[in-house]
Amino acid sequence: MKKSKIKVRICLGTACFVQGGADLLLYNDFVDPAILAVCDIEGCPCLGECRVGNGSAPYVEIDGKIYDGVNQDLFCKLLAEAVKNA
Ligand code: FES
């Protein structure tokens with residue numbers, strides 16, 4: 001059976017977009033292509049985390065788990081970790 005891809009959602013709500021979410025959308029420029037091949041990455045509307053206040057924007061969801069304060073470096077690390085643990 002074919003393994004499903006890792007689901008990645010980059011929050012593109014206003015708070016996240018202006019605090020770095022827009023930079024994460026350029027993932028094709030800075031994420032290893034081998035990692036991209038096994039991930040299904042999409043932008044999404046506000047994940048609701050900015051209203052809860054646990055952490056800081058931008059927020060990213062990877063296979064259902066929320067991460068905050070994600071910059072490009074952290075995004076690469078989180079994806080590599082997710083791929084390793086898949
Ligand atoms: S704008 Fe990203 S969690 Fe609300």
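Please keep in mind that the model is predicted. I'll start with the overall layout. The protein has four strands and five helices. In sequence order, the pattern reads β-α-α-α-β-α-β-β-α. The C-alpha trace covers about 40 × 25 × 20 Å along its principal axes. The radius of gyration is 12 Å, which agrees with the value near 12 Å for a compact globule of 86 residues.

On contacts, take those with a sequence separation of 6 or more: 68% of them are between residues 24 or more positions apart. Buried residues account for 23% of the 86 residues.

In general, nonpolar side chains in soluble globular proteins tend to be buried together. Here, the largest nonpolar core has 15 residues, and those with the most contacts inside it are Val8, Ile10, Cys11, Tyr59 and Val60. Which elements give two or more residues to this core? They are β1, residues 6–11; α1, residues 14–24; β3; and α5, residues 72–85. The element that gives the most is β1, with three residues.

For another kind of position, go to Phe30, in helix α2, residues 27–30. Is Phe30 buried or exposed? Phe30 counts as exposed, because it has 12 C-beta neighbours inside 10 Å, and the cut-off for exposed is 12 or fewer. Beyond its neighbours within four places in sequence, Phe30 is in contact with Gln72 and Cys76.

Last, two points on the backbone. Most peptide bonds are trans, and most residues other than glycine have a negative phi. Where is the cis peptide bond? A cis peptide bond joins Ala57 and Pro58, with omega about 0 degrees. Pro58 is in the loop between α4, residues 49–52, and β3, residues 60–62.

The other point is Asp63, which is not a glycine but has a positive phi of about 45 degrees. Asp63 sits in the loop between β3 and β4, the latter being residues 65–67. Asp63 counts as partly exposed, because it has 14 C-beta neighbours inside 10 Å.

That is the end of the talk.

Methods. Residues are numbered from 1 along each chain as its sequence is written. This is a predicted model: local features need pLDDT of at least 70, side-chain atom pairs count only at pLDDT 80 or more; totals for chains, interfaces and linings use all residues. A residue is buried if 20 or more other C-beta atoms lie within 10 Å of its own, exposed if 12 or fewer, and partly exposed in between; C-beta atoms are placed from the backbone. The radius of gyration is taken over C-alpha atoms; the globule rule is 2.2 Å times the number of residues to the power 0.38. Two residues are in contact if their C-beta atoms, placed from the backbone, lie within 7 Å. A nonpolar core is a set of buried Ala, Val, Leu, Ile, Met, Phe, Trp, Tyr and Cys residues joined through C-beta atoms within 7 Å.
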